[in-house]
Amino acid sequence: MKLRQGDLFEFLVTDGRLGYGLVIIPGGVLYAAFFKNLHSSRPDIASLLADEIALVGTTMDSMFYHGRWSVIARDQPIPAAIPFPNWKVKVGDELRTTDFEGRSLWPMRPDEVDLLDYKFSRAPLGYLDALEALNGFGEWQDSYDKLTPAYAARRVTRA
């Protein structure tokens with residue numbers, strides 16, 4: 001299955017409840033948002049899309065490939081609040097700032113040096129673990145902070 005922007009997907013968590021996410025930018029390494037609440041059965045799509053976005057970030061499509069994440073609806077709207085952070089990249093000996101896609105490079109400002117990350121991706125299980133921790137399974141790990149929309153939003157330093 002070829003993933004598309006706006007694909008709403010469903011997956012099982014440890015206790016058998018259902019979690020949901022939304023493909024923001026498709027690809028073998030995709031940008032996705034994960035909704036906070038878990039459900040004992042599939043709610044209506046409007047309820048899902050009204051849920052809080054708990055996690056956002058880049059991950060691989062392997063869970064789709066192996067049938068663990070399933071697209072249940074296509075062409076869903078992308079929430080306007082989804083952050084697209086800037087990144088830092090080293091070009092020679094110089095640090096530069098890129099847009100979310102890495103297409104544009106600008107000289108890095110001093111306030112961005114410690115704030116921005118090099119572009120990173122997290123394995124799908126990292127998102128599942130973080131979502132489960134938010135819902136009372138296991139402990140929240142400091143590394144999960146980088147998966148939150150608030151973390152990403154603080155790194156939107158340039159349009």
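Me: In what order do the strands of the open sheet of three strands stand?
Reply: A word on the source first: this is a predicted model, where local features need pLDDT of at least 70, side-chain atom pairs count only at pLDDT 80 or more, and totals for chains, interfaces and linings use all residues. Residues are numbered from 1 along each chain as its sequence is written, and side-chain values use heavy atoms, leaving out hydrogens and water. Strands are DSSP runs of E, at least two residues, numbered from the N terminus, and two of them pair if DSSP finds at least two bridges between them. In this sheet the pairing is antiparallel, and the order is β6-β7-β8.

Me: Which strands stand at the edges of this sheet?
Reply: An edge strand here has a single partner strand, so one of its sides is left without a neighbour in the sheet. That applies to β6 and β8.

Me: By how many degrees are neighbouring strands of this sheet turned against each other on average?
Reply: Axes are lines fitted to C-alpha atoms (for helices over the stretch in contact), with angles from 0 to 180 degrees between N-to-C directions. For this average the direction is ignored, and the value is 45°.

Me: Which residue of the hairpin of β6 and β7 takes a positive phi?
Reply: Strands β6 (residues 87-91) and β7 (residues 94-98) run antiparallel, joined by five bridges. Along them, Val89 is found opposite Arg96 in β7. The hairpin has two residues between its strands, and the one with a positive phi, near 65°, is Gly92.

Me: Which residue in the turn of the hairpin of β7 and β8 has a positive phi?
Reply: β7 also pairs with β8 (residues 105-107), antiparallel and over three bridges. Here Thr97 faces Trp106 of β8, while Arg96 has Pro107 as its bridge partner. Six residues lie between the two strands, and the one in the turn with a positive phi, about 80°, is Gly102.

Me: Which are the edge strands of the open sheet of five strands?
Reply: This sheet is antiparallel and has the order β4-β3-β2-β1-β5. Its twist averages 35° from one strand to the next. The strands that pair on one side only are β4 and β5 (69-73).

Me: What is the bridge partner of Leu12 in β2?
Reply: β1 (residues 8-12) and β2 (residues 18-25) are antiparallel partners, with five bridges between them. The residue of β2 that bridges to Leu12 is Leu18.

Me: At about what angle does helix α4 run to β4?
Reply: Helices are DSSP runs of H or I, at least four residues, and contact means heavy atoms within 4.5 Å. Helix α4 (residues 124-134) lies across β1, β3 (29-35), β4 and β5. Its angle to β4 is about 165°.

Me: How many residues apart in sequence are the parts tied together by Phe11 and Phe34?
Reply: Rings of Phe, Tyr and Trp (its six-membered ring) pair if their centres lie within 6.5 Å; planes under 30 degrees apart are stacked, over 60 edge-to-face, and the rest tilted. The structure holds 15 aromatic pairs. The centres of Phe11 and Phe34 are 6.1 Å apart and their planes stand at 65°, so this pair is edge-to-face. Phe11 belongs to β1 and Phe34 to β3, so the separation of the parts they tie together is 23 residues.

Me: What is the volume of the largest cavity?
Reply: On a 1 Å grid over the protein atoms alone, a cavity is a set of points where a 1.4 Å probe fits but cannot get out, and lining residues have an atom within 4 Å of a point. Points are joined across faces, edges and corners, and volume is the space filled by probe spheres set on them. One cavity of 30 Å³ or more is counted. The largest has a volume of about 120 Å³.

Me: Which element gives the largest share of the lining of the largest cavity?
Reply: Among the 14 lining residues, those closest to the centre are Pro85, Trp87, Phe120, Lys146 and Ala152. β4 (53-60) and α5 (149-154) each supply at least two residues of the lining. The largest share, three residues, comes from β4.

Me: Which element gives the largest share of the lining of the largest pocket?
Reply: A pocket is an open set of points with protein on both sides within 12 Å along at least five of seven lines. The largest pocket has a volume of about 170 Å³, and its lining includes Met1, Phe64 and Trp69. Both α2 (62-65) and β5 supply at least two lining residues. The largest share, three residues, comes from β5.
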